[in-house]
Amino acid sequence: MAKIKTKDKTVLRSLGLGGYFGGGAEGMVDVKDGRIVRIRPMQYGWKYDKKEVRQWKMERNGKTIEPSWKSLPGPFSLAYKKRVYSPNRIKYPLKRVDWDPNGERNPQNRGKSKYVRISWDEASDIIAKEIKRIHKQYGVYAILMQGDGHGECKTINTPHGHPGVLLDHMGGFTLQVRNPDSWEGWYWGAKHVWGQGAQGIMYPAANIVKDTTEHADMVLFWGCDPETTPWGFTGQFASRLCYFWAECGIKQVYICPDLNYGAAVHADKWIPVLPNTDAALQLAIIYVWITEDLYNKEYVATHAVGMDKVEDYVMGREDGVPKTPAWASEKCGVPEWTIKALAREFAEKTTSIAHYFGGGFIRGPFSHEPARLECILLGMQGLGGPGVHQHQLTYFGMPRAEGLGGTFFWNPEIEERLSLPVMSSVTAWQQQVIPKTLIQKAIELREPIVFHGTGAQNALVKDQFNRYDFPIEQEKGGSEIHMIWTDTPCRITCWNFGHETELAMRNPKIETIVAQHPWLENDCIYADIILPANTFMEVDDIITNIRQGTMQPNIMIAEKAIEPIGESKSDAEVVLEIGKKLGYEKQLTDNMTIAQLQKKIWEYMGGEKLVSWEQLKEKQYWVYNTAKDWEDDTPGFRNFYLDPEKNPLGTPTGKLEFYSESLAKAFPDDKERPPIPKWIEKSHNHDERLTSPRARLYPLLMMSNHGRWRVHAQCDDITWTREAPTCKILGPDGYKYEPIWLHTSEAEKRGIRNGDIIKIFNERGIVLGGAYITERVRPGVCYMDHGARHDPIKTGEIERGGAINTITPGAITSENCVGQIGGGYLVQVERVSGQEMDKWRKDYPEAFERKYDPAAGLCMDAWIAGGDK
Ligand SMILES: Nc1nc2c(c(=O)[nH]1)N[C@H]1C(S)=C(S)[C@@H](COP(=O)(O)OP(=O)(O)OC[C@H]3O[C@@H](n4cnc5c(=O)[nH]c(N)nc54)[C@H](O)[C@@H]3O)O[C@H]1N2
Ligand SMILES: Nc1nc2c(c(=O)[nH]1)N[C@H]1C(S)=C(S)[C@@H](COP(=O)(O)OP(=O)(O)OC[C@H]3O[C@@H](n4cnc5c(=O)[nH]c(N)nc54)[C@H](O)[C@@H]3O)O[C@H]1N2
Ligand SMILES: [Mo]
């Protein structure tokens, strides 16, 4: 293809990696001679005068905070050109060498055999024929579409869901429904206590940042790292806010197993709790409040139901075990006196709780229990009153912008009218669905699957009481899965029990796997056909940086920065190539150009009332004014706090339901999620406590946070960040291992030294990593970030790249909750001896021969037969 010589230019991008919504991490991209030379924070004043834009202000004790006039993207955002030009980019369509659609398919070699280059024409031909064949042979639901997840901020070319648009036109597909991942506990637990909020977090959350700033004396950062996870989506404003809160005298207490990056710089006190034992700590706080008369009884009497039952349980009247600080201390590892001091200070001071989304305790086994207990704690201290809120720190609760009424975010109506897969799990809903946590089981299908609630992130609470079956009845077209089309090929490294997923993808029932992705990584290596998608630098788009957590909501026209790399195409164009072969070109394009789509999106957002399309085009962006009356928005649950009768919550009783009658009725035998939240020691699903006999073999509790240097599976190949010692550890064999944090005492016990190659293991397999020995993590814990790039030594058993999710529990959150587990399970850690490594080298030579660049990791050619030519 002839390259058009591009002019040097500066274009705008939203650099957060949450998906199509942007906000907070905007950047300016400088392009010279058709290449990206640098990415820098966005200067909002590039084409507007600061005086033209109305800004908010918050005050406390004579100190003031205002939004900054430039964006605050995280480090990987500024280094993203390294991801765009990664040696790991897929440059052309590929076919697995030993997969022949007209002959042997060799499913047993997925993850092992290499690929050959084919043309776009051949690739799209094969796929079109396979779709037709599968449809004819088994029906439309035999194709599973995996098209959800985070990714680059794009609206028209959203990172996910395009294959679903085509398949929907062709009669449907099996929809992988994304479980609530970020908010499992809130979704399956808190939602039953306060009854509202799509994801189960406290909602509405209007103006709570201002209210906490003005009224709170203390904020508990409970499973929260404001110096890390805001980077992924909303930039670094949360960091500034925490510094400001310290200046105004707001005490900051961190409750987390590690002295995370936020704790390291902001904590007045660090309470190192053992992973997934928060429920014990919370119950003991309630115990102290009851016995020392330290809670708001009047509020509880008028605003909540079920306190009597909670009290019976906490005091031991129900089960003979009082949930005293001594009882809790043994489970959660926090000394009794610290629990008492925390309980007393929490009651005495006006206290809010901050999360970014909730951390490990909201993604562990039975995570609905600590989530519900948090609602009870806040309820007992007058939730909704001045300075008493639950925060998803600066993700929600920031000042309202003017003219930003109906947001583009999760607006199914808009998505439908545009036929864009903006949020694929909302558009193109299907008759046959399967939660993402159950994919392996759905593939193997040893027995029909029954589940309650799809877990769809915007579903109402009542969905949790609906029964679903997989597959659906044959008369309705129900079918097993025989083909997979994924544009989100990171299930192994981001979801439950990756090793099991690897093996499921080798099931001969799965005749064809198609992956479309910009980078050859993770699940891609199990695909039969791989299609090269391009990045947001290579397309024209429009970005709506309007998410509530944004400091300076804005809209930007994202002009293409560079030409597509190799033969890559946008995700929409990839699907169009196949659609053309099937006669669906018109349906896929709506006969609209990208320029027309940009304008249409702007119109749908009511943009014309704010600024003309011509001005937007000319200046490339528009910064919203803060609404004149933003301070009038009542903070959080304030109306409910003031008058619960007039402002009931969305629960059946309209009150905070400490006891849930609905759960009691619907699931009378559920011991994992009883009607009041409890400490669940173990169940048939999970036996992951240090008190378990299993802990003799696996005596450490696993914690896996969100990568500081990645957003999940994204950015593991960025050379600049990979130099940081907390990003990768260079092993003696020249391979860069994912760090495993261990307390000095745990390392000593095992004869492990800093930088050693070590292995984490349990019954589900082995993951290698590099030892990072530190007192920033408490004893009893093994910590590795999730999302490192999958690099199998032995598929289904031994992982070298550090994809820790290969060994997370396969079981869902609890019997009636199809959530996922990220941490809080048992493992052991040992040094990998030279002998063991030599044996692996001998037994699995191909795993050690893959082309590897220590700076960026595995290269695309590692998987090309004969190398990239
Ligand atoms: N152990 C553990 N596991 C966890 C968690 C945890 O705390 N601990 N957290 C969970 C949570 S909250 C989440 S949200 C999930 C992560 O959830 P995911 O959304 O699955 O993760 P990402 O890696 O951000 O993005 C998905 C994929 O999209 C790709 N992608 C990005 N842009 C594009 C594009 O334009 N086109 C295409 N085709 N692909 C693109 C990325 O490369 C990546 O492979 O992980 C969960 N897993
Ligand atoms: N840099 C970066 N930013 C991201 C992401 C990313 O991958 N990288 N992912 C994005 C996404 S999809 C999401 S959902 C959010 C997630 O945002 P969070 O849910 O806030 O992130 P986590 O890293 O899971 O957890 C935060 C902190 O919880 C603590 N923690 C871990 N386990 C436990 C426990 O059992 N108990 C207690 N009390 N504390 C615990 C750890 O100190 C950890 O640092 O971040 C978003 N932003
Ligand atoms: Mo998430």
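Modeller: In this predicted model, a backbone N or O atom of Gly232 lies 3.1 Å from a nitrogen atom of ligand 2. A backbone N or O atom of Gly359 lies 2.7 Å from an oxygen atom of the ligand, and a polar backbone atom of His706 is 2.9 Å from an oxygen atom of ligand 2.

Biologist: How much of the area that ligand 2 exposes when taken alone does the protein bury?

Modeller: Taken alone, ligand 2 exposes 910 Å², and the protein buries 98% of that. There are 35 residues around ligand 2, of which Thr229, Asp258, Asp278, Gly359 and Arg710 come nearest, while helix α7 (residues 229-233) gives the most to the shell, with three residues.

Biologist: Turning to the sheet of eight strands, in what order do they run, and which strands stand at the edges?

Modeller: Strands of a sheet pair through backbone hydrogen bonds, either parallel or antiparallel. Here the open sheet has the order β7-β6-β21-β20-β19-β8-β9-β16, with mixed pairing. β7 (115-117) and β16 (433-435) stand at the edges, and because each has a single partner strand, one side of each is left without a neighbour in the sheet. Neighbouring strands are turned by 20° against each other on average, direction ignored.

Biologist: In which sense do β6 and β21 pair, and what packs on the sheet?

Modeller: β6 (residues 94-96) and β21 (residues 529-532) pair in the antiparallel sense over two bridges, with Lys95 opposite Ile529 in β21. Helix α3 (residues 120-138) packs on the sheet, touching strands that include β6 and β21, and its direction makes about 130° with that of β21.

Key:
Residues are numbered from 1 along each chain as its sequence is written. Chains are lettered from A and ligands numbered from 1 in the order in which they are written. This is a predicted model: local features need pLDDT of at least 70, side-chain atom pairs count only at pLDDT 80 or more; totals for chains, interfaces and linings use all residues. Side-chain values use heavy atoms; hydrogens and water are left out. Two strands pair if DSSP finds at least two bridges between them. Helices (H or I, at least four residues) and strands (E, at least two) are DSSP runs, numbered from the N terminus. Axes are lines fitted to C-alpha atoms, for helices over the stretch in contact, and angles run from 0 to 180 degrees between N-to-C directions. Contact means heavy atoms within 4.5 Å. A residue is near a molecule or strand if one of its heavy atoms lies within 4 Å of it. A polar contact is a pair of N or O atoms within 3.5 Å; within protein, one must be able to donate a hydrogen and the other to accept it, and residues adjacent in sequence count only if both atoms are side-chain atoms. Accessible areas come from the Shrake-Rupley method with a 1.4 Å probe; for residues, only the protein chains shown count as cover.
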